[in-house]
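Open the model in your viewer and keep the selection tool at hand. The stops below follow one after another.

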Amino acid sequence: MTGFRSAVEVSRGFYAEVIKPVVNAPHAAGLLGWGSDVLGYDTERSMDHGWGPRLHVFVDDVEPVREAIEANLPDEYDGHAVRFGWDAHEPTHHITVTTLSGWLVDHLGFDAGKGISLEDWMVTPQQQLLGVVAGAVYADDGRLEPVRAALQWYPDELWRWLLTCQWSRIAQEEAFVQRTHEVGDELGSRIVASRLVRDLMRLALLQSRTYAPYAKWFGTAFARLGHADGLDRVLAEVLAAGDHADRERALTTAYGLVARRHNALGITPEVDPSPRRYFDRPAMVLGADRFVDACQATVTDPRVRALGMFGAIDQFADNTDLLSNPSAYRKLIGAFRPPAGP
């Protein structure tokens with residue numbers, strides 16, 4: 001090898017030179033599903049762990065295509081082992097031949113090709129949606145693009161509701177940075193500030209209509225938004241602040257920046273982005289509840305308005321075993337269904 005090539009590029013060549021010639025059926029193919037390589041975040045370090053030529057091939061009649069591929073796989077491609085393992089995973093090839101419907105059910109927990117319900121949107125983690133829409137597509141006979149287009153981003157009213165719920169998270173805790181400091185709990189003040197930084201980052205991703213990946217790549221996705229207004233720098237100052245005064249100053253600056261980003265969206269009447277006192281207490285806050293009310297007022301769909309203010313699954317849960325397992329997170333779907341009538 002002359003240098004690192006991303007898995008997207010390696011798998012593109014692998015598909016064109018090895019897989020495509022032996023697939024004699026209409027199909028779609030791409031590097032989809034789990035992994036930093038799907039998101040385009042892989043580096044040379046990634047090569048030591050579950051990395052190599054891999055892809056999904058979607059067909060109607062699975063077995064003949066699977067047999068043809070397995071009969072023609074080389075041991076290596078471009079200097080990389082075609083059959084590889086990691087940790088407790090035994091070496092095997094990673095060419096998944098399946099139906100698109102079957103893969104969607106396995107990956108998301110439902111077949112998005114047959115429609116996406118409100119409950120599907122709310123219970124499906126953003127990292128799972130990214131596994132469908134972010135990867136590279138090497139061939140498509142027309143079956144894959146409509147699904148990726150449908151999952152590209154939330155419906156508008158639901159997006160506004162998620163913004164409402166994200167602003168609500170900020171409103172719930174913005175006064176606690178000062179209050180914990182006031183009672184001498186500096187560690188608690190730092191913890192609350194770090195939680196608010198994370199919530200502000202998630203808000204910025206929502207405002208940019210960008211799905212958030214899992215924790216390892218969350219900061220990378222946020223950084224790649226680009227921050228001409230310096231939001232990334234200001235949030236770093238919040239985390240680096242050595243005392244409450246600097247912490248609060250950086251936080252209120254960050255609040256103003258995301259508030260101005262909100263106003264630039266033009267989805268609500270303009271809301272004053274200036275910080276203010278928390279009632280008669282000395283804490284300086286944004287008063288994020290004003291943005292909650294502004295966003296909520298633009299949601300007219302009664303089904304969406306009936307949803308809890310806890311938001312979608314990513315807004316109240318961050319356990320890896322839950323968010324990466326459709327059979328686990330689909331158990332929560334009842335939380336998003338309207339209560340039964342009398």
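Select residues 121-218, which UniProt lists, in an unreviewed entry, as "domain: DUF4037"; UniProt positions follow the numbering used here, feature names are shortened, and annotations may be inferred rather than shown by experiment.

The model is predicted, with local features needing pLDDT of at least 70 and side-chain atom pairs pLDDT 80 or more, while totals for chains, interfaces and linings use all residues. Residues are numbered from 1 along each chain as its sequence is written, and side-chain values use heavy atoms, leaving out hydrogens and water.

Next, colour domain 1 (7-151) and domain 2 (156-311) separately; these bounds come from an automatic or database domain assignment. Their centres, taken over C-alpha atoms, are 36 Å apart. The contact (heavy atoms within 4.5 Å) takes 14 residues from domain 1 and 18 residues from domain 2.

About 1,400 Å² is buried between the domains, 69% of it from carbon and sulfur atoms; buried area is the accessible area (1.4 Å probe) that two parts lose on being put together, summed over both. Now show Tyr-41, Met-122 and Gln-126, which supply 47% of the area that domain 1 buries against domain 2, more than any other three residues.

Finally, look for polar contacts: 2 residue pairs between the domains are in polar contact, both at pLDDT 80 or more. A polar contact is a pair of N or O atoms within 3.5 Å; within protein, one must be able to donate a hydrogen and the other to accept it, and residues adjacent in sequence count only if both atoms are side-chain atoms.
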